Amino acid sequence: MTAAPRTTHVAGSTFTRWIRPRPGHWIRPLAFMAPALAGLALFVAYPLLALVYYSFTRYDLLNTPVWVGLRNYVFLLWGDPLARKAAFNTVWLVVIITVLRLVFATGVAAVLVRVRNGAGLFRTLIYLPALAPPVAATLAFTFLFNPGTGPVNTVLSWFGVSGPLWFSDPAWAKPALTLLTLWASGELIIIIMAGMLDVPGELYEAASLDGAGSVRRFWHVTLPAITPVLVFGVINSIILGLQYFTQAVVAASVASGSADIAGSRRAIGYPDNSTLTFPVWLYQQGFHYYNMGYASAMSIALFVVSTVFTVFFVHRLRRASHAEEVA
Amino acid sequence: MATVTTPADVASGSTSRPGPAHRRSNRRGVMRWIAVHSIALALGLMFVLPLVFVALTAFMSDGQALTADLWPRSWHPANFAEVFRTAPLLRYLGNSMMYSLLAVAGMLLSSVPAAYALARMRWRGRQAVFLVIIAAMMIPPQVLSVPLYILWARLHLTGTLWPLILPYFLIDAFSIFLLRQFFLTVPQSYLDAARVDGCGDLRTLLRVLLPMTRPGIAAISLFCFMYTWNDYFGPLLYAGENPDEWTLSLALASFRGAHQVQWNLTMAATVVVMLPVILLFVLAQKSFVRGITFTGVKG
């Protein structure tokens with residue numbers, strides 16, 4: 001893809017030689033790309049530049065922006081305890097969700113690829129929760145895990161376990177959100193499953209002949225072969241964790257019993273700011289307090305962190321396509 | 001994998017080649033079959049039981065929904081009618097439909113030609129543009145919300161769903177990325193043949209590439225539909241203050257607030273919001289699975 005753009009997709013074709021870019025050749029691609037380029041300019045490039053500008057101002061949407069220099073960034077880094085709390089919660093979710101999601105999805109996929117009867121049915125059952133709109137799934141979980149009458153604590157009580165307060169306990173709210181995310185990870189499970197099914201059978205046969213048991217075959221054949229898929233899963237999970245918003249806002253709103261629309265001032269972060277993620281606090285600052293300048297500085301921080309992972313993703317993509325060309 | 005016993009072996013008893021070694025491996029195969037399938041069954045139940053409890057609670061009476069009971073003592077399908085009576089769900093449904101369908105239409109109009117140019121045309125700067133599109137795809141939606149909100153507020157379009165719909169008619173980075181990957185799977189010889197027959201780029205795209213990648217287009221349209229249907233942040237940001245423009249997801253989030261402790265009604269509303277998506281999946285399961293695996297394996 002990157003090595004020889006002119007010939008990549010026409011390798012082996014006799015047309016390569018006599019279809020050459022002519023002068024004016026760029027007009028057609030430009031016509032095809034025009035909407036996308038306009039979109040990039042209007043909805044990506046312009047807002048990014050505007051974001052940088054707003055981050056150096058105090059702006060409430062009504063009065064004209066006032067230049068305040070680095071004050072928003074100084075406040076973000078040293079002055080705002082809730083921003084620190086929010087960053088901590090987001091990092092917590094990113095780390096825990098990424099690790100557990102990968103281990104869990106790989107485990108489930110490893111079982112599913114061995115299923116011989118009713119594979120389609122199992123696949124459907126496991127994928128269904130991933131389809132549910134996040135708001136609906138979160139409502140379902142706040143009901144299932146509600147401390148008084150919820151089915152989860154009811155079932156736990158059959159075994160003599162008195163369940164925690166889940167979404168109403170600062171120590172258990174994030175673990176409950178994590179369970180919700182694992183429950184909805186059917187997409188990743190199917191991706192990993194597809195990766196496992198792509199592993200050539202000869203590799204397993206060779207390993208068996210060498211006397212490798214099923215555990216060692218999984219460790220030394222399956223895992224190395226699906227590494228690209230797992231890397232995708234890691235990046236996908238990190239991005240998911242960095243954006244964590246809907247579930248946190250809805251769970252907080254429902255568990256707090258707030259009568260307002262979700263995302264209201266009182267409910268956010270409930271209980272005790274344990275579900276206050278960085279994007280939630282950004283939203284709160286920007287669209288409830290109308291601190292557009294400060295929210296912009298927070299956006300820049302989030303952008304920088306996610307860009308690090310984007311660069312990593314692009315790097316992997318380029319390497320993968322190089323490998324394809326060589327093969 | 002070679003030792004896995006197929007159900008046919010189990011049913012017929014595999015008596016064709018008797019021998020102690022074979023019988024032993026066969027018994028091990030049966031044990032394995034039982035182990036794998038019981039774990040899979042347990043997992044399947046774990047994934048689906050929450051949905052079952054939600055559905056069961058939706059049928060309970062007001063009083064019973066407040067108890068720890070798992071099974072309805074009496075069935076109250078009228079809860080669903082009650083949900084439609086207390087909230088203008090049809091209106092929200094209409095808003096959700098408008099958002100999702102227009103977004104898909106806009107996405108197809110803008111992303112198909114862009115993906116074609118990125119996958120099948122040779123021009124200077126193509127790699128750079130493609131990298132920019134990937135980068136745009138990875139930006140968390142909250143990052144650009146402040147300047148975009150200010151932009152749409154200046155155009156007096158906040159309070160509506162248009163700020164969410166209109167961009168799809170210009171760009172949807174994720175769809176362009178995925179469509180490009182699908183377009184690359186078509187062998188070049190087909191495009192060469194079309195060229196020999198005198199097709200220009202537009203006809204090659206419409207007559208050769210699109211028919212050959214129909215499953216991919218279906219999958220991408222489904223993804224776009226699902227993303228917009230499930231979107232909460234976007235509608236909250238732009239239409240949160242204007243209940244006339246609420247989508248189903250947005251309305252559902254505030255449903256429980258309005259119906260304090262009525263879990264049965266809340267769960268009935270949850271079922272109503274989940275159902276269209278589940279129906280869509282049942283109808284288009286193949287496209288879904290193909291699209292998902294494509295994202296991960298080729299992405």
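**A residue in a helix, and its surroundings**

In this predicted model, A:A137 has its place in helix α6 (residues 134–144) of chain A. Is A:A137 buried or exposed? A residue counts as buried if 20 or more other C-beta atoms lie within 10 Å of its own. A:A137 has 27 other C-beta atoms within 10 Å and is therefore buried.

Which residues does A:A137 touch, once its neighbours within four places in sequence are left aside? They are A:P129, A:A132, A:L180 and A:A184. For a sense of distance, A:L93 lies 44 residues from A:A137 in sequence, and the two C-alpha atoms are 18 Å apart in space.

Chain A as a whole contains 15 helices and two strands. Of its 327 residues, 43% are buried. Among the contacts in chain A between residues at least 6 apart in sequence, 68% join residues at least 24 apart. Another of the helices of chain A is α7 (residues 151–158), in which A:P151, A:V152 and A:N153 are buried. After α7(A) comes A:G160, with a positive phi near 80°.

The view can now be widened to the partner chain. Contacts between the chains involve 96 residues of chain A and 92 residues of chain B. On the side of chain A that touches chain B, the largest share, 17 residues, is supplied by helix α2 (residues 27–54) of chain A. Sorted by class, that side of chain A consists of 66 nonpolar, 22 polar and eight charged residues.

The nonpolar residues lead to another topic. In soluble globular proteins, nonpolar side chains tend to be buried together. Here the largest nonpolar core has 167 residues, and A:I192 and B:L252 touch the most other members. Helix α4 (residues 89–120) of chain B gives this core its largest share, 13 residues. What does B:L252 touch beyond its neighbours within four places in sequence? Its contacts are A:V135, A:A136 and A:L139 in chain A, together with B:A269, B:T270 and B:V273 in chain B.

Chain B has 15 helices and zero strands. Buried residues form 43% of its 299 residues. Of the contacts in chain B with a separation of 6 or more, 72% are between residues 24 or more positions apart.

One pair of helices in chain B may be followed in detail. The axes of α4(B) and helix α8 (residues 173–184) of chain B come within 8 Å of each other and cross at roughly 50°. The two helices, α4(B) and α8(B), are therefore oblique to each other. The crossing in which α4(B) passes α8(B) is right-handed. On the α4(B) side, the residues making the contact include B:M107, B:S111, B:V112 and B:A114. On the α8(B) side, B:S175, B:I176, B:L179, B:R180, B:F183 and B:L184 take part. By class, this contact of α4(B) with α8(B) comprises eleven nonpolar, two polar and two charged residues.

Just after α6(B), B:H156 adopts a positive phi of about 60°.

Terms used
Residues numbered from 1 in each chain as written. Chains lettered and ligands numbered in written order. Predicted model: local features only at pLDDT ≥ 70, side-chain atom pairs only at ≥ 80, totals over all residues. Contact = placed C-beta atoms within 7 Å. Helix = DSSP H or I, 4+ residues; strand = E, 2+ residues; numbered from the N terminus. Nonpolar A, V, L, I, M, F, W, Y, C, P; charged D, E, K, R; others polar. Buried ≥ 20, exposed ≤ 12 C-beta atoms within 10 Å, placed from the backbone. Core = buried A, V, L, I, M, F, W, Y, C linked by C-beta atoms within 7 Å. Axes fitted to C-alpha atoms, helices over the stretch in contact; angles between N-to-C directions. Parallel < 35°, antiparallel > 145°, perpendicular 65-115°, else oblique. Left-handed = near helix turned anticlockwise from the far one by under 90°.
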